Amino acid sequence: FAAQRHVLTYMEDAVSQLLENREDISQYGVARFFTEYFNSVRQGTHILFREFSFVQATPHNRASFLRTFWRCFRTVGKNGGKYSSICCYLLTAQEYHCLLQLLCPDFPMELTQKAARIVLMDDAMDCLMSFSDFLFAFQIQFYYAEFLESVAAIYQDLLAGKNPNTVIVPTSSSGQHRQRQPPNDCNPLEGVEASLFYQCLESLCDRSKYSCPPSALVKEMLSSAQRMTFYGFLMALAKDQGINRALGALPDKGDLFLDPAMDQELEKLVAQVSGLSVSGPASSSADTVNMPVRNSPRINSPWKPLHHRRKMDAESEGSNEETDSSEN
């Protein structure tokens, strides 16, 4: 159970955070730190602003990152924006990558490009994509990254007439994503025999130690086609709602822009901001009605992501230097 849930990974990270932030944590206590740390793991907020090597370290971390990305930026597709008079909000791969970097500063551009290629296929990589198209493609590419690397190798071997059973399943660190050569899917009549392709994928799923889509859903997907191209297969994975439900990170496409819990929190925040704006000028006018402002309880976390702490330390040092120079 401990290995399946990657308990050791979280224990090592918690201890590392404890040692790096021991001065701050000493004010709150070790017990409270561990309680808040594992509560954040359970809630999926532990991946916020962390380094990519940690974000992709476990399936739970990947699912948490996908869910967080969706919750933070779902309004990109909901409210409209660039070219919104023509269709929903559209962004380029580079722009989606900037959004990803807001949550994970060192998120690799390569993964974003691979996700965009699932949507765009042979189109130019600077073409615009809707939020939903990119999100579901990104989910497949990010969560099943190692599986897709092996699928690409199997596909190339089948095209070349080689024995796909000699394909080696990736065993290196999942943070080291190799550059995948895009298979030639220019002609829709090209591709490989779907039944043979599935046999190879079924064998891959049986021996792979990384996350794979449910074999039954992959079989159902490939059974409806005689031949299948590589990017056709990736697009089918991204559009399959059964695979999306099995992964469990994102809602169905029809509910993609619905998040009642987040909407409720946003309404509370807007109400607080509105209350502040109304009560602010009240002191300058006796005719203005003072509206009570509800102070939301705030609990300071006993630990912070490491790069935030370093940034704060750097700013503090800079301010001290300015103060010293002014005194001289």
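**A surface patch, a buried threonine and the cysteines**

Let's start on the outside, where Val7, Leu8, Met11, Val15 and Leu19 make up a nonpolar surface patch whose accessible area totals about 410 Å². Such patches join nonpolar side chains (Val, Leu, Ile, Met, Phe, Trp, Tyr) within 5 Å, or like charges within 9 Å, using residues with over 30% relative accessible area and no salt bridge; a salt bridge would be a side-chain nitrogen of Lys or Arg within 4 Å of a carboxyl oxygen of Asp or Glu. Areas are Shrake-Rupley values with a 1.4 Å probe, and for residues only the protein chains shown count as cover.

This is a predicted model, in which local features need pLDDT of at least 70 and side-chain atom pairs pLDDT 80 or more, while totals for chains, interfaces and linings use all residues. Residues are numbered from 1 along each chain as its sequence is written, and side-chain values use heavy atoms, without hydrogens or water.

Valine 15 is partly exposed at 34% relative accessibility, where buried means under 20%, exposed over 50%, and partly exposed in between.

Now move to threonine 68 in helix 5 (residues 59–73), which is buried at 12% relative accessible area. Beyond neighbours within four places in sequence, threonine 68 contacts (heavy atoms within 4.5 Å) Gly44, Ile47, Leu48 and Leu103. Its side chain also comes to 2.8 Å from the backbone oxygen of serine 64.

Finally, the cysteines: cysteine 104 is buried at 0%, and cysteine 200 is buried at 7%. Counting disulfides as cysteine sulfur pairs within 2.5 Å gives zero.

Technical notes: Helix = DSSP H or I, 4+ residues; strand = E, 2+ residues; numbered from the N terminus. Buried < 20%, exposed > 50% of the residue type's maximum accessible area, 1.4 Å probe, protein only. Polar contact = N/O pair within 3.5 Å; in protein donor to acceptor, adjacent residues only side chain to side chain.
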